[in-house]
Amino acid sequence: MTGRILRRAAVLVLSVLVASIVVFLFMAVLPGDPAQVALGVNATPELLAKTRHEFGIDRSLVVQYFDWMGGVLHGDFGRSYVTREAIGPQLVDRLGVTLWLVGAGMLIAVVLAIPFGTFAAVWHRRFSGTAISGLSQLGVAIPAFLAGILLVQVFAVRLRWLPSGGWTPPDQDFGAFLGGLVLPALSLGLVQGAVLTRYVRSSVLDTLGQDYLRTARAKGLRPYPALLRHGLRNAAVPVVTVLGLQLTTLLVGAVVVERVFVLPGLGSMLLDSVSSRDLLTVQGIVLVLVVGALLVNFVVDLLYAVIDPKLRRSS
Amino acid sequence: MKVRFGAAALALLVVLPGCSAGSSAVVSNDPSTLTVGFAAEPQNFDFTRTDGSAIPQALLYNVYEGLVKLDPEGRIVPLLAESWTVSPDRTVYDFRLRPGVKFGNGAPFTAEDVRFSLLRVKTDWTISLKSAMNVVRQVDVVDPLHARVVLEKPSNGWLFSLTSRIGAMFSPTGVADLANTPVGTGPYQVASRRRGDSVVLRANPAYWGRKPAYTTVNLKYIKDPTALNNALLSNGIDVIATITAPDSIPQFESDNRFSVLQGTTNSEVVMAFNDARPPFDDVRVRQAVTLAVDRKALMDTAWAGRGTLIGSMVPPTDPWYEDLSAAYPFDPAKAKALLAQAGKTNLSLRMRIPNLPYAISSAQVVASQLADIGVQVSIEPLDFPAVWLKQVFTDHDFDLSIVQHVEARDITTFGKPAYYWGYDNPGVRKLLATADAGTPEEQVANMKQVAKQLSADAAADWLFLFPNVTVAKKKVTGLARNQVSESFDLTGLGSS
């Protein structure tokens with residue numbers, strides 16, 4: 001088990017390093033001069049040169065990369081070209097918003113998918129089971145931003161129950177925080193929930209067909225208790241895999257949903273920074289997102305072993 | 001256990017929307033609070049070193065004040081200077097300052113601060129507007145309430161530029177961290193900001209002038225036009241400063257909760273020709289292209305017909321405005337003839353534009369209309385601002401471009417041959433200089449000449465003037481119809 005963790009951790013560190021180099025090189029070849037964007041029209045050549053020097057972008061790429069990575073390793077992401085603020089604290093602040101969104105979206109997805117997926121599997125020959133399958137199929141086809149726009153039209157513009165966007169930090173006004181979180185989390189969660197429902201259904205269906213469950217049923221156990229006692233653990237392995245994969249797609253979905261709902265998260269920060277060629281900030285955000293995605297995979301890998309003892313022994 | 005937890009969470013989610021159902025007002029009901037929605041967010045608070053309109057829009061006249069300001073009709077009126085006199089040779093300005101004015105940090109405002117602020121533009125500012133201060137030779141402190149500015153040569157443009165951010169008054173004790181902590185004499189102070197979301201302004205308790213009607217103003221930043229509209233429709237904000245999706249205006253006009261104000265701006269949508277290079281170094285080609293574009297149809301397509309056709313670089317709020325939109329009526333046949341005369345019948349042109357909605361839809365109209373006279377146009381949208389600035393503006397790598405020019409009185413850019421449109425006419429430069437140095441009457445006469453000459457030369461094609469469309473809840477009063485200064489001026493607002 002320890003060996004497995006160490007091996008996985010080494011892969012994680014290596015992936016982060018490679019990702020950081022790729023991100024850095026992409027930024028370097030992007031057309032457009034950050035100094036020119038910051039200074040605007042009519043900036044004199046002398047001023048441009050001075051500003052490039054101030055930003056440190058007149059040095060060689062290798063020096064710039066090591067300078068940046070050196071800072072990041074000490075928790076210093078540098079200063080934004082555009083806002084003149086330290087990037088690190090901004091990242092933490094924005095990540096907080098995105099994590100709330102992704103977390104709430106995931107919660108909604110799981111809460112919907114496990115009961116509905118299981119139900120659809122157990123009653124897969126009945127109309128109710130088929131209906132849930134059909135509905136989830138529909139949900140899979142709807143992109144999160146579209147769900148968001150529809151939710152806004154109904155609950156914000158027509159009914160005026162909830163705000164159409166904006167963010168209130170939880171420590172400032174918890175009621176307003178929840179109110180602002182509901183629609184964006186729902187637009188992420190409903191779509192992801194539909195995807196997850198289909199996986200839960202097929203996984204449970206698979207489990208239902210296993211010999212040990214038939215035996216349990218033959219011994220007189222009703223379907224749900226039999227599943228709970230004998231099948232759930234087995235059904236959970238593929239679901240956890242998908243959950244991990246989905247967390248990464250949720251991060252991407254969050255970028256779009258943040259735009260629709262005007263949430264000051266990492267996604268909207270990323271879009272703004274790209275258009276203003278705030279390269280250091282873009283590098284910081286992408287690095288955080290990459291590390292996040294890799295960490296999720298790492299945790300999912302470890303979770304397999306926890307859920308499925310067979311995997312533990314084989315390593 | 002998992003199932004039970006899930007059920008509880010589900011129940012919570014079902015109950016949640018119900019909880020807030022009773023309170024339909026999302027905006028604070030406090031009558032002393034106003035929330036205004038904008039499309040562009042200030043990246044920081046330092047407009048001395050950061051270009052663009054978002055910072056002065058939020059801070060000028062509200063947090064920072066100058067000696068003079070621009071009223072909604074475009075006239076220069078007193079602000080921190082109670083009055084001023086100009087010497088007969090028009091080079092010495094004597095400003096009498098308002099007594100009892102204090103900065104947000106408690107420091108008193110005196111002629112020393114005038115001197116400090118005006119000279120600091122030359123030394124510390126980095127944005128393009130700073131060049132307007134080059135004409136200042138010296139600033140003298142005659143007494144604490146009397147500042148004297150001596151210019152190298154007479155300049156009407158200088159006094160006008162004092163109404164912009166360039167005239168903002170700073171205290172030597174308040175410039176340590178301009179990017180984050182602005183310190184001005186205005187009716188509001190920055191109370192807090194949430195990046196990517198909002199800036200909160202709070203009334204300055206020690207303000208010298210009339211107390212503002214709203215003690216708290218939330219400036220909400222919403223880039224997406226639909227989200228901006230939804231915020232107003234769902235009570236999230238009280239005012240949309242400028243509508244960025246013209247097609248949505250009718251839905252506000254037909255809703256009796258809102259009032260819609262339409263006025264003008266300083267923002268000309270210009271189709272630039274690369275005048276310095278073939279084929280646009282030939283005036284006949286420029287005239288032909290100008291004749292071949294149906295500007296009315298273009299404005300209908302690009303901005304729902306809401307703008308104004310002006311035919312020049314002069315908006316109606318400038319004193320020398322004349323309607324020149326009829327100078328080149330839509331006439332494809334004449335355009336073809338002109339091209340034939342110039343021997344340029346098989347033109348193919350590169351139109352390099354910002355990747356912004358107004359530019360893309362305008363470009364498509366232009367391309368299809370020029371195709372009718374046998375000119376092929378390839379449209380290349382460039383990432384704005386970064387790539388457009390570099391390739392078109394700096395490197396002059398284009399034949400045609402379409403961009404909004406938002407600065408006030410930017411007709412003077414036609415006096416700079418190095419500017420990206422490459423227009424070089426000594427006669428126009430001389431007229432501009434004479435206008436700047438003369439009396440107000442001479443200025444008007446000369447500027448009219450400049451506009452006419454530019455039109456005769458077809459130096460560019462002025463497609464249309466952007467409208468300023470503000471939508472607000474009925475209760476908000478005092479909103480300016482025209483956007484003529486750099487500021488979204490909160491001082492005139494009230495509530496009914």
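I take contact to mean heavy atoms within 4.5 Å. With that rule set, I opened the notebook on chains A and B.

**Ground rules.** This is a predicted model, where local features need pLDDT of at least 70 and side-chain atom pairs count only at pLDDT 80 or more, while totals for chains, interfaces and linings use all residues.

**Entry 1: the interface.** I found 46 residues of chain B in contact with 44 residues of chain A. Interface size is often given as the accessible area lost when the parts come together.

**Entry 2: pairs across it.** I looked up salt bridges (a side-chain nitrogen of Lys or Arg within 4 Å of a carboxyl oxygen of Asp or Glu) and got four between chain B and chain A. In one salt bridge, Arg277(A) meets Asp383(B) at 3.1 Å, N to O. Polar contacts (N or O atoms within 3.5 Å; within protein, one able to donate a hydrogen and the other to accept it, with sequence neighbours counted only if both atoms are side-chain atoms) join nine residue pairs of the two chains, both at pLDDT 80 or more.

**Entry 3: chain B's side.** Helix H1 (2-20), strand E10 (216-221), helix H5 (225-233) and helix H11 (386-394) of chain B each supply at least two residues to the side touching chain A. H1(B) gives the most, with eight residues.

Entry 4: I turned to H10 of chain A, residues 223-261, which spans only 43 Å between its end C-alpha atoms, whereas a straight helix of 39 residues would span 57 Å (1.5 Å times one less than the number of residues). H10(A) bends by about 70° at Gly231(A), taken as the angle between axes fitted to the seven residues ending there and the seven starting there. Val262(A) follows H10(A) and has a positive phi, near 55°.

**Entry 5: cis peptides.** Where does chain B have Pro385(B)? I located Pro385(B) in the loop between strand E14 (376-382) and H11, and a cis peptide bond joins Phe384(B) to this proline, with omega about 0°.

How values were computed:
Residues are numbered from 1 along each chain as its sequence is written. Chains are lettered from A and ligands numbered from 1 in the order in which they are written. Side-chain values use heavy atoms; hydrogens and water are left out. Helices (H or I, at least four residues) and strands (E, at least two) are DSSP runs, numbered from the N terminus.
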